Amino acid sequence: MALETDQQDPARSAKRVGGILQRHDSLYGDAEKVSSAHHHGSQDNWIRTLRLAFQCIGIIYGDIGTSPLYVYASTFTSGISNVDDLYGVLSLILYSIILLPMIKYVFIVLYANDNGEGGTFALYSLISRYAKVSLIPNQQAEDATISSYGLDTISAPMRRAQWMKKSLESSKVAKVTIFLLAILGTSMVISDGALTPAISVLSAVSGLQQKAPQLNQGQIVLISVAILVVLFSVQRFGTDKVGYSFAPIILLWFLCIGGIGFYNLIKYDVGVLRAFYPKYIVDYFKRNGKDAWVSLGGILLCFTGTEAMFADLGHFNIRAVQISFSFVLFPAVSLAYIGQAAFLRKHPEHVLDTFYRSIPEPLFWPTFIIAVAAAIIASQAMISGTFSIIQQSQTLGCFPRVKVLHTSKLYEGQVYIPEVNFVLGLLCVIITVAFQTTTDIGHAYGICVTSVMIITTILLVTVMLLIWRVSIWLIIPFCLVYGFIELLYLSSVLYKFIEGGYLPIVIAIVLVIIMAVWHYVHVKKYWYEMEHIVTNEAAKQLIQAHNVKRISGVGLLYTELVQGIPPIFHHFIEKIPFVHSVLMFVSIKHLPIPHVEVSERFLFRNVESKTSRMFRCVARYGYSDKLEDTKEFAASLVEGLQSYIEEGHFIADMQVQETEAQTTSIADSNTRPRKAGSSTVYIEEALTASETAGLTQPRISSYSAHSSGRISEEQSRTIAEEKQFIQSELQKGVVYILGETEIKARPGSSFVKKVVVNYMYTFLRKNFRQGEKAFAIPRQQVLKVGMVYEI
């Protein structure tokens, strides 16, 4: 059976050496199909693409689309001293939108998606598939057989890509650096989620002062806070119909600002169109020097929300985003900025409230209502994005456990996290009350935007070198151009550090510390279990030594190990010499891909002996997959186990399964998939270390349904009895055995390690959700086994 991403028959395409299928390194997968028909969304028909283009207007463009509310006010904080400066600023705005959101993101970055998913963690997971940069050593060769893993085999990889892969895998510094970049980028996006609602709602509500000048800034802030409280209060209801509900409002907003911009252009000064001539940028910097550089901190607000286009890609496709950006967003916001510049040429004194001052009188109230609605939608998109990012971080072991609620049966990616919603709402209210103006919030906002862009650029270059294998002569100018632009913008906003720029850095540092501490201990815990692993032979001796009795029912012992038996089992048997009639060591493993098909979910293997009815199961999920409830999970697990038992007899007849007891190391594994109807059962075959050196793609043999004719009547009867026994034990009840491990720094550890492990991690663990709550396991079915790990 070949990888589903490879359209060739393995019998024809694979080379055999001495009768054995030759193994290929996963780096050799053909990942450079940037323009091929296999890219995410490229095979969608045009009707669906246009429908998605309409939907994405309402979801991913709210933030960047509402920027005309405050860009000029944030740029000319001290007023306009020379009206000719408007040419330079407008030119900077137009070319910033063209170079960064349009060319870089819409036509380059979007192609670096992870099976359709975008964002910083998607880039990290994409890199993790092609090079083993994950700090947790739970990679298994059989993972590459998953249809969405996306690794095809080619014969001649480029030397540079191979060198890049070896360099990343052999350097712990490189692995840690890539991980820190991923969590820093994620932290900045979360910080953005706290700032977007504040600046968007505040800027929209400030328009009230045009018609009600008696309102002071404090009252405007209170109105904004009230809207924010309502916005975060209704998050628990979800946004089931977000695409079709929001899209008409944002489309109406774009038509409104585009139309008003065109009206102002004709009415006030058509001459501002000369801003398309980039010479005015040079003149602006010559004329203003340092002040022009400082003003970049306001100009960059014109492309806030750019990262949302990439992060929310999973709901759409590349072509839909490209169409909607090029033909809807770009013309509308460009006309809005051009029209405002034309208005300011005649009325430079109104720069602090340009947007509402430039609206024709009869259109004020309709525009105001649409602006407030658009600001709320922009906030909603960022809040939902924050929930999704934290969910991804949690599944990859980078964030403490929190309660994740899926709010829609139709839209899988829509989640709600109560704890995060409360903290995010509280931060938004505090930020709005503390800063009170969009100018000060803008200083903080800019650092988030530019920091994430720089991190995306670094990770994207890694993808170009490792996966796309782009010519170095194209990568160098890309790095020089975008590195210069983004660092220039970042230096400008950092200049306003004490005026609000410190806020996202503080939030990001707190989040990075939380994520780094949690992941550090998570990795150390995994290594501890690997070092104290219980082999099959040791398990057999343990059971015999303690005269272990079997009790009715099914026991599911949860462990993070994907190979071998965890040390907590030894502790459990020593204290309670009883195990269930059917015992499974269950590992919930999240792969560096968004989704895993249900038919490819489970890997099974016998533990100790075939008659012991003890099994190991690895349940594989993508980082965007929803975990089933306990009853559904247990039923799926038993169903897969019954198929495995039948498959196990085939393997016994062919004498290909007797190796795990001879190895205690974590070796990459092989799989033997068997398709029966619509389901697939993967049977794990452990290999020796010598066999698995450099292995990332498994040997594969296939079994047809006709193979059943090779089973004797006695074997068929044995299979039926085993399956019936397991089903009957399932009906007697399922007990979930969880390790209540206390993590401590081992004696002799450094002071910093003791603080991190004994205090910081312990605090996080006690104040976030425990295992049974995270897995939604009924309390009456939980059995906790306490043990101390000294790492």
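Student: Why is S295 called buried?

Tutor: Buried means under 20% relative accessible area, exposed means over 50%, and partly exposed lies in between, with a 1.4 Å probe and protein chains only. S295 has a relative accessible area of 6%, so S295 counts as buried. A word on the background: this is a predicted model, where local features need pLDDT of at least 70, side-chain atom pairs count only at pLDDT 80 or more, and totals for chains, interfaces and linings use all residues. Residues are numbered from 1 along each chain as its sequence is written, and side-chain values use heavy atoms, with hydrogens and water left out.

Student: Where is S295 found, and which residues does S295 touch, not counting those up to four places away in sequence?

Tutor: S295 sits in helix 13, residues 290–299; helices (H or I, at least four residues) and strands (E, at least two) are DSSP runs, numbered from the N terminus. Beyond the residues up to four places away in sequence, S295 touches T75, Y284 and S492, where contact means heavy atoms within 4.5 Å.

Student: What makes G118 buried?

Tutor: The relative accessible area of G118 is 4%, so G118 is buried. G118 belongs to the loop between helix 5 (85–106) and helix 6 (120–130). Apart from neighbours within four places in sequence, G118 is in contact with F310, A311 and L313. The C-alpha atoms of G118 and D312 are separated by 6.4 Å, although the two residues are 194 apart along the chain.

Student: Which residues touch the most other members of the largest nonpolar core?

Tutor: They are Y61, Y72, F254 and F325, out of 180 residues in that core. Helix 19 (residues 438–468) gives the largest share of this core, 19 residues. What makes it a nonpolar core is the rule: a set of buried Ala, Val, Leu, Ile, Met, Phe, Trp, Tyr and Cys residues joined through side-chain atoms within 4.5 Å. Take F254 as an example: leaving aside neighbours within four places in sequence, F254 is in contact with I57, Y61, G65, V328, L329, A332 and V333. A second, separate core has 32 residues, including W518, F585, M614 and V756.

Student: Why is V510 called partly exposed?

Tutor: V510 has 44% relative accessibility, so V510 counts as partly exposed. V510 is in helix 21.

Student: How many disulfides does the rule give?

Tutor: The count comes to 0 disulfides, a disulfide being a pair of cysteine sulfur atoms within 2.5 Å. In general, a disulfide is a covalent bond between the sulfur atoms of two cysteines.

Student: What is the phi of R469, and is R469 buried or exposed?

Tutor: R469 has a positive phi of about 55°, although R469 is not a glycine. Most residues other than glycine have a negative phi. R469 lies in the loop between helix 19 and helix 20 (472–495). Its relative accessibility is 7%, so R469 counts as buried.

Student: How do you know that R613 is partly exposed?

Tutor: R613 has a relative accessible area of 23%, so R613 is partly exposed. R613 is found in the loop between strand 7 (602–606) and strand 8 (614–622), and R613 has a positive phi of about 55° although R613 is not a glycine.
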